[in-house]
Amino acid sequence: MDNAERVRIRAIVKAEFTKHRFDYFAESVPNSNRPIVVPGCSLCRVRLQTVPQFVDHLCEKVEAAFEREFAGSTVNPAYPFPVALHNISTAPPS
Ligand SMILES: [Zn+2]
């Protein structure tokens, strides 16, 4: 991997890590005029309850960004990682 690829990968990871937030957002409730506030990624409006779930969400988004960015490229999108990002366990060590 040359320096340009390294810079490109770093930019992709940084962009995804700074776009998504573990935050709260309002979600409408069926048959109700009053939304409820739920935890999760406010950008994607995905409910998430824990930090490990948010880390999994970030990994999925980074991996999807790699696939988009490197589609048709000779660079292996999973290159800097020995395993696919979605296979990394965020469960606490036992
Ligand atoms: Zn998100």
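Among the elements of the chain, which has the lowest mean pLDDT and which the highest? Helix H1 has the lowest, at 91, and strand S2 the highest, at 97; pLDDT is the predictor's confidence in each residue, from 0 to 100. This is a predicted model, in which local features need pLDDT of at least 70, side-chain atom pairs count only at pLDDT 80 or more, and totals for chains, interfaces and linings use all residues. Residues are numbered from 1 along each chain as its sequence is written.

Let us start with the strands. Helices (H or I, at least four residues) and strands (E, at least two) are DSSP runs, numbered from the N terminus. Three strands form an open sheet in the order S1-S2-S3, with antiparallel pairing, where two strands pair if DSSP finds at least two bridges between them. S2 (residues 36-41) is joined to S3 by 2 bridges, and Cys-41 lies opposite Val-46 in S3.

Now for the helices. H1 (residues 3-19) packs with H2 (residues 51-69) at an angle of about 140°, their axes being 9 Å apart. Axes are lines fitted to C-alpha atoms, for helices over the stretch in contact, and angles run from 0 to 180 degrees between N-to-C directions. From H1, the contact includes Ile-12 and Phe-17, and from H2, Leu-58 and Phe-66; residues are in contact if their C-beta atoms, placed from the backbone, lie within 7 Å.

Conventions:
Contact = placed C-beta atoms within 7 Å.
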